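This briefing is intended for reading alongside the sequence and the structure. Its points are grouped by topic.

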Amino acid sequence: MEYLGVQEQMLVEAVEGHVRKRGEPQALVDELEGALDEEAEALVKKLWRMIIFFSESEKRGLSA
């Protein structure tokens, strides 16, 4: 499958690698803008909210 002409797997790998190395959100936006244009910022915002939610849930012993 492709997303806006870019292979989804490549996007997944780029995002996963960035998160694993604990990169900054704006750096990820900058990296994804070439492929996703204006959608990059919205995607990163949603991703960071999910990361925060699941991190806090785990800290508090809550199942999500």
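The model is predicted. Its protein chain holds three helices and two strands, and these elements follow the order β-β-α-α-α from the N terminus. The mean pLDDT of the chain is 87.

**Confidence**

- In the protein chain, 89% of the residues reach a pLDDT of 70 or more.
- Confidence is highest in helix 3, with a mean of 94, and lowest in strand 1 (residues 2-3), with a mean of 53.
- Where pLDDT is low, predicted coordinates should not be read in detail. The mean of 53 for strand 1 is the value to keep in mind here.

**Overall architecture and surface**

- Helix 1 spans residues 8-20 and helix 2 spans residues 25-36, while helix 3 covers residues 39-59.
- The protein chain has 64 residues, of which 20% are buried.
- Of the contacts between residues at least 6 apart in sequence, 34% join residues at least 24 apart.

**Nonpolar core**

- Which residues make up the largest nonpolar core? The nine members are Leu11, Val15, Leu28, Val29, Leu32, Ala35, Leu36, Ala40 and Val44.
- Each of helix 1, helix 2 and helix 3 supplies at least two residues of this core.
- Helix 2 gives the most to the core, contributing five residues.
- In soluble globular proteins, nonpolar side chains tend to be buried together.
- Ala40, one of the core residues, is in contact with Val29, Leu32 and Glu33 when neighbours within four places in sequence are set aside.

**Histidine 18**

- Is histidine 18 buried or exposed? Histidine 18 counts as buried because its relative accessibility is 4%, under the 20% cut-off.
- Histidine 18 belongs to helix 1.
- With neighbours within four places in sequence left aside, histidine 18 is in contact with Gly23, Glu24, Ala27, Leu28, Glu31 and Trp48.
- Among these contacts of histidine 18 is Leu28, which is also a member of the largest nonpolar core.

**Salt bridges**

- How many salt bridges does a search of the whole structure find? The search finds four, and three of them are described in the next points.
- Glutamate 41 and lysine 45 form a salt bridge through their side chains, at 3.6 Å from N to O.
- Glutamate 41 and lysine 45 are separated by about one helical turn because they lie four residues apart in helix 3.
- Glutamate 41 is partly exposed, with a relative accessible area of 43%, and lysine 45 counts as partly exposed at 43% relative accessibility.
- Glutamate 56 meets lysine 59 in a salt bridge of 3.1 Å, N to O. Both residues lie in helix 3, three residues apart, which is about one turn of the helix.
- Glutamate 56 also forms a salt bridge with arginine 60, at 3.3 Å from N to O.
- Shared partners join Glu56, Lys59 and Arg60 into one network of salt bridges.

**Aromatic pair**

- The count of aromatic pairs comes to one. Its partners are phenylalanine 53 and phenylalanine 54, whose ring centres are 5.1 Å apart.
- What is the arrangement of the two rings? The pair is edge-to-face because the angle between the planes is 80°, over the 60 degrees required.
- Phenylalanine 53 counts as partly exposed at 46% relative accessibility, and phenylalanine 54 is partly exposed with a relative accessible area of 43%.

**Loop residues with positive phi**

- Arginine 22 is not a glycine, yet its phi is positive, at about 55°. Arginine 22 is located in the loop between helix 1 and helix 2.
- Arginine 22 is exposed, as its relative accessible area is 75%.
- Aspartate 37 likewise has a positive phi, about 50°, although it is not a glycine. Its place is in the loop between helix 2 and helix 3.
- Aspartate 37 counts as exposed because its relative accessibility of 54% is over the 50% cut-off.

Key: Residues are numbered from 1 along each chain as its sequence is written. Side-chain values use heavy atoms; hydrogens and water are left out. Buried means under 20% relative accessible area, exposed over 50%, partly exposed in between (1.4 Å probe, protein chains only). pLDDT is the predictor's confidence in each residue, from 0 to 100. Rings of Phe, Tyr and Trp (its six-membered ring) pair if their centres lie within 6.5 Å; planes under 30 degrees apart count as stacked, over 60 as edge-to-face and the rest as tilted. Contact means heavy atoms within 4.5 Å. A nonpolar core is a set of buried Ala, Val, Leu, Ile, Met, Phe, Trp, Tyr and Cys residues joined through side-chain atoms within 4.5 Å.
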